[in-house]
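Take a walk through this model, one site at a time. Keep the sequence and the coordinates side by side.

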Amino acid sequence: MLSQGYEPIKVISWQRAIALLSLGKIEVIEEYEHDVRSMKLVIKIPAVVRLLSAFRRHKQKVKFSRVNIFARDKYSCQYCGFKGKMDELTYDHVVPRSQGGKTEWSNIATCCYDCNAEKRDRTPAQAGMKLRSLPTQPSWMPAMTITVSTTSAPDAWRDYLYWTSDLTEKSDS
Ligand SMILES: [Zn+2]
């Protein structure tokens with residue numbers, strides 16, 4: 001289910017979607033191939049629906065995740081300024097973990113693979129590279145993220161989801 005502003009809010013069952021549809025609360029944006037018989041009507045099963053009224057979101061802390069780091073940095077490398085897609089970007093420990101740098105908002109910057117390879121496990125000063133902005137914890141609420149397995153999500157959802165994956169401790173720079 002999407003908000004009025006087309007942001008994903010939550011995953012609901014198709015039965016719930018049809019119930020909301022019959023109440024006039026949502027509109028169907030995408031549908032599946034399969035028909036369903038409901039209230040003497042035959043309709044396609046809704047795949048993506050949109051709320052017709054404003055959704056009040058609760059204030060919550062911005063989740064520390066790859067997608068939110070990229071969003072904070074506007075999907076651009078914080079060293080060379082390259083703007084890329086999610087699969088063209090990685091994240092950099094500004095102070096490398098080998099020198100005590102932590103995996104937290106203030107020490108993680110969006111980075112292209114070239115700059116990441118060039119910087120290696122050095123600080124920007126040691127590598128002679130300059131950060132375009134200092135990483136900080138965002139105070140804004142980014143697009144709400146819903147964690148759904150990329151392998152199990154229906155194709156009809158793909159255009160509407162912001163794929164998220166939590167930062168893991170395996171890759172580093
Ligand atoms: Zn770069």
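Valine 36 is buried, with a relative accessibility of 11% (buried means under 20% relative accessible area, exposed over 50%, partly exposed in between, with a 1.4 Å probe and protein chains only). The model is predicted: local features need pLDDT of at least 70, side-chain atom pairs count only at pLDDT 80 or more, and totals for chains, interfaces and linings use all residues. Residues are numbered from 1 along each chain as its sequence is written, and side-chain values use heavy atoms, with hydrogens and water left out.

Valine 36 belongs to strand 1, residues 26-38. Strands (E, at least two residues) and helices (H or I, at least four) are DSSP runs, numbered from the N terminus. Which residues does valine 36 contact, leaving aside neighbours within four places in sequence? They are Trp14, Ile18, Leu41, Val42, Ile43 and Ile45; contact means heavy atoms within 4.5 Å. Glutamine 15 is 21 residues away along the chain, and its C-alpha atom is 9.8 Å from that of valine 36.

Now turn to the zinc ion. Its protein donors are the SG atoms of Cys77, Cys80, Cys112 and Cys115, lying 2.3 Å from it. Donors are N, O and S atoms within 2.8 Å of the metal (3.2 Å for Na, K and Ca); water is not among the atoms, so sites may look incomplete. The donor spacing in sequence is C-x2-C-x31-C-x2-C. Cysteine 80 sits in the loop between helix 2 (66-72) and strand 3 (89-93), and cysteine 115 in helix 3 (residues 113-119), so the pair ties together parts 35 residues apart in sequence. Cysteine 80 is partly exposed at 39% relative accessible area, whereas cysteine 115 is buried at 8%.
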